[in-house]
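The following account is intended to be read alongside the sequence and the three-dimensional view.

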Amino acid sequence: MELTVLGPRENFLDLEPEYSELERAHIVIVPAPYEYRTSFGKGTAQGPAALLAASAHVETYDEEYDRELCYELGLATLKPIPLDSLRDEAAVAAVEAVVEELLRRGKFVVTLGGEHTIALAPIRAHFRAFPQMSLLQLDAHADLRQTYEGSPYSHACVMARVLEFFPPERLVQVGLRAISREEADSIRRAGICTVFAHCIRTGNAQGWEERVLERLGSEVYITLDVDVLDPAQMPATGTPEPNGLWYHEVISFLQRIRQSGRRIVGFDLVEFAPIPGLHHAAMTAARLVYKVLNLAFAP
Ligand SMILES: [Mn+2]
């Protein structure tokens, strides 16, 4: 499979070829600008490009970890996968083949959506490579509907598709605050570990981080829907919901997972739908990717 990377001024962090060539890079960013079945706000197809443009202004140095991860490990960004003419399973399969190839080459893969449906691709590929992995979903929604607006491939159904091959007891959902009765029933029936945003806010979820840690195995894949964040910090998403998590809450929770000795084997960031002129949202999405990389590779 031939894979082409983006050069400086187009790639993540605006990196010179020395640090962003595929051969030498340990980390690879895969832009997957898939948008076909968004239901409310549109524009997630522009997510990867806007995130990459903003990333040119992200500092390569991380003050918390006192390192420049991108220069130490190398960080390549693939050209966006052309998904315009692909729908549903065909789009997922196209992205899955790329992620699978990168994992075969020993890369750490970050997939950028696109609507949440596309996360099915890296989740399937990672699950084959890491059959013991747990799955952490950070999201305002459960995405457990069997079908939505007539399709099983809606962004609102992605976790229902995942549970067709992934053991529900290894799925943990954090930040939920907009779910249907059908989804609430599925959560109870399947025994999924779910932490609702209102429980975190009211303090009724005391010790929730420990509860989550108990459920996670030693390898964790993260699917990060940006709508887990409060819309005050992340308004640029298709289905924003109030009472979300704050950036620092997400980061310190993930740091806690890493500090517990668990290994983050890959992640995706989905549902970022840039709003022209709203630079802080694009910056937040780009920052989030680099911070999660930093904590994933923390010693
Ligand atoms: Mn979602």
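**A parallel sheet and its helices**

Glu219 stands opposite Arg263 in strand β8 of this predicted model. This pair belongs to the contact between strand β7 and strand β8 (residues 263-270), which run parallel and are joined by seven bridges.

Strand β7 itself spans residues 219-225, and six of its seven residues are buried, so that the strand is mostly covered. Its other pairing is with strand β4 (residues 134-138): the two run parallel and are joined by five bridges. Within this pairing, Leu135 stands opposite Tyr221 of β7. Strand β4 is in turn joined by four bridges to strand β5 (residues 171-176), again in parallel. Here Gln137 has Gln173 of β5 as its bridge partner. In general, the strands of a sheet pair through backbone hydrogen bonds, in either a parallel or an antiparallel arrangement.

These pairings are parts of an open sheet of eight strands. The order across the sheet is β2-β1-β3-β8-β7-β4-β5-β6, and the pairing is parallel. Which strands stand at the edges of the sheet? They are β2 (75-77) and β6 (193-196); each has a single partner strand, and therefore one side of each is left without a neighbour in the sheet. On average, neighbouring strands are turned by 15° against each other, direction ignored. In a regular strand, the side chains alternate between the two faces of the sheet.

Attention now turns to the helices. Helix α11 lies across β1 (27-32), β3 (108-113) and β8. Its direction is at about 175° to that of β8.

Helix α11 (residues 279-296) also packs with helix α2 (residues 47-55), at an angle of about 80° and with the axes 8 Å apart. Because angles of 65 to 115 degrees count as roughly perpendicular, α2 is described as roughly perpendicular to α11. From α2, the residues that take part in the contact are Ala50, Leu51, Ala53, Ala54 and Ser55. They meet His279, Ala282, Met283, Ala285, Ala286 and Val289 of α11. By class, the contact comprises nine nonpolar residues, two polar residues and no charged residues.

Notes:
Residues numbered from 1 in each chain as written. Predicted model: local features only at pLDDT ≥ 70, side-chain atom pairs only at ≥ 80, totals over all residues. Buried ≥ 20, exposed ≤ 12 C-beta atoms within 10 Å, placed from the backbone. Pairing = 2+ DSSP bridges. Axes fitted to C-alpha atoms, helices over the stretch in contact; angles between N-to-C directions. Parallel < 35°, antiparallel > 145°, perpendicular 65-115°, else oblique. Contact = placed C-beta atoms within 7 Å. Nonpolar A, V, L, I, M, F, W, Y, C, P; charged D, E, K, R; others polar.
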